[in-house]
Amino acid sequence: MEKFRKFECNLETFIDELKELLQINKKQIEQLLTQEVKSFHSFVKPMQLMEEQLEQFFTPLSHINAVNNSEATQVVYTESLPLITEYSTQLSQNLDIYNAYKKILSEEEESLNFEQKRVLQLNIEHFEQSGAHLDKETKKRLEEINLKLSECSNEFSQNLLNATNSFEYIITDEKDIEGLPASEIENAKEVSEEGIVSYKFTLQMPSYIAYMTYGKNEKIREKLYKAYVTRAPENGKIIEEILQLKDEMSKLLGFENYVAYSLSSKMAKDEKSVINFLEDLLNNSQKQAHKELQELQAIAPKKLESFDTAYYGEILKKAQYDIDEEEYRPYFEQKSVVEGMFLFLEKLFQLEFKQVNEKLWHEKAFAYDVYSNSQLKARILFDLEARESKRGGAWMHNWQSHHIDAQGEEQLASAFVVCNFPPSSKSSPSLLRHDDVVTLFHEMGHTLHHVLSEVNENEVSGVNGVEWDAVEFPSQFLENFAYEPKVLKIFATHYESGESIPDVMIEKLVKSKNFLSAMGMLRQLEFSLFDMQVHNAPYTQEQVQNILDTIRKKSALIPTPSYNKFQNGFAHIFAGGYAAGYYSYKWAEVLSADTFYQVVDEGIFDAPTAQKYLETILYRGGSKSMSKLFEELMGREADTDQLLRLNGIE
């Protein structure tokens, strides 16, 4: 039997195949429910495996729609959403399945292992959050809401992608590109048939960041910034609808608001706990953030505005640390970074990575198999370069989950790692910024959490079943090593000369790690506080803006222009899984900072905590609450002071 699925997605037949699969599943569920005596093995296991099969079938479409977006993928994806949503909603509200799970847990609790108990507990919780115990009319309304929410999220995301792709700014005056790195100038350069040279800048991340960081022309920076923060104005109305639907759904399920609904399945106890956590960080960061702003303002010949911070920040960084990000890029050629990261993981966790020849969705995509003690463990599929058909940002998407199937066969895990690094060409390699290296390590942390799982029940294997406010823990833990001198020495070599990065450059990089970190902390806390507050009632567009403006009075040290409609592009909470959960980044960062410093203090390689982390956190996935796993790992609760230490905040 093949351990890994081949990547295939036939757009022409997808909808018919999906309908057939859903129909088969529905019939199998009916048959399972007819069993007089239902047990974990005769009922719960087949239910789990059906979900895994559906996930494996559907994931290639959602992946293609994100990385090779086209009219064809949009049509098929949009058509498939109602089918999936209707099926999932009906399943999650099926009272017979809910009652069967409750009965099995009650009758078999003594004989079930902790993974199996966790599967049942999470399913029962999920059923109750989906309204399985409610009357028929309420369930019908919940089904309608779920369908509409999935449509709204998809529309929000598509509007944002379309707006990002539709904008371009053409520069014809060579003076306006002075100061930009040669590689960025080359990437932006276009030559017409008449031989006229121009430079195109877009809202795609590599291009946008390049001009905002190095572009001397203030008016162009402002135009790019304004275009970026005013993308997809139609999303304002969608936000209004999303908030109304989420509020109605929460109340139908017996919760005060969407925040209470969201937190019911997370580590954090309640809204007050989260707000206090965020405001404590905000207060602790204020003094240093004001000091950082004064230093930034001192080198600027004008009063700083929102579109100036990256530009003058780069100048200040150079002045304070004599650090030029462009000098580093030749040491971070994409392929050598990937291979070096693998070597680091081999040293840290005794893993081995071997490239495999797989036909994938794009010529730039590639695949590696992961081995531990010479034993095949998983497959990872990479797609790392930016292109127009690709959604911005970076992410890990799990595909197969490790488990033991009904025949007792082991299925290995697989996942995608997606980034948007500068594209390589025949004439120039993909040279990364150090931030890109950090991003790659971050997504790899998520990936290892999923693919190294040794859990036998797929619904709590890898990232499945992990509380949302703990899911960033492994990604943040790994990204911190991208600043460690021992780690950088493994892979940071000049792509032309082959020379290792000089110690003095590493020293500057480490010192600059927390450059303007308190200002960065305030920005993330602004996002988190906005997310929590905007989800506690069905607000109008105007009220949404007022909430953001009120938070900014304390968090935004530079006044934000009135035209800035950041919320219309906040896909994490309006088109992703972070609604009333964006605080999770900081919540999980406490866990990651604490664990990271323990490993560093033990010398990194051969650190007992690194091995224990592998066995306790990565191998165990979502099989126990992260609060329990963390206490098993460290023998205590997390130390929040380590988060401030990580960010260099006193």
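Modeller: Here it is; bear in mind that the model is predicted. Helix α2 (residues 40-67) and helix α4 (residues 95-108) have axes that come within 11 Å and cross at roughly 135°.

Colleague: What does that angle make α2 relative to α4?

Modeller: Oblique: the crossing angle is roughly 135°, and angles over 145 would count as roughly antiparallel, so α2 is oblique to α4.

Colleague: Is the crossing of α2 and α4 left-handed or right-handed?

Modeller: The α2 and α4 crossing is left-handed.

Colleague: Which residues meet there?

Modeller: From α2, Phe40, Phe43, Val44 and Met47; they meet Ile97, Ala100, Tyr101, Ile104 and Glu108 of α4.

Colleague: How many residues of that contact are nonpolar, polar or charged?

Modeller: The contact of α2 with α4 has 8 nonpolar residues, 1 charged and no polar.

Colleague: Switching to the sheet. What is the strand order?

Modeller: The order is β1-β3-β2, an open sheet of 3 strands with antiparallel pairing. β1 (168-171) and β2 (189-191) are the edge strands, each pairing on one side only. On average, neighbouring strands are turned by 35° against each other, direction ignored.

Colleague: How many bridges join β2 to β3?

Modeller: There are 3 bridges between β2 and β3 (residues 197-202), and the two run antiparallel. Across from lysine 189 is tyrosine 199 in β3.

Colleague: And which helix packs on the sheet?

Modeller: Helix α8 (residues 205-214) does, touching β1 and β3. The direction of α8 makes about 105° with that of β3.

Technical notes: Residues are numbered from 1 along each chain as its sequence is written. This is a predicted model: local features need pLDDT of at least 70, side-chain atom pairs count only at pLDDT 80 or more; totals for chains, interfaces and linings use all residues. Side-chain values use heavy atoms; hydrogens and water are left out. Two strands pair if DSSP finds at least two bridges between them. Helices (H or I, at least four residues) and strands (E, at least two) are DSSP runs, numbered from the N terminus. Axes are lines fitted to C-alpha atoms, for helices over the stretch in contact, and angles run from 0 to 180 degrees between N-to-C directions. Contact means heavy atoms within 4.5 Å. Angles under 35 degrees count as roughly parallel, over 145 as roughly antiparallel, 65 to 115 as roughly perpendicular and the rest as oblique. A crossing is left-handed if the near helix is turned anticlockwise from the far one by less than a right angle, and right-handed if clockwise. Ala, Val, Leu, Ile, Met, Phe, Trp, Tyr, Cys and Pro count as nonpolar, Asp, Glu, Lys and Arg as charged, and the others, Gly among them, as polar.
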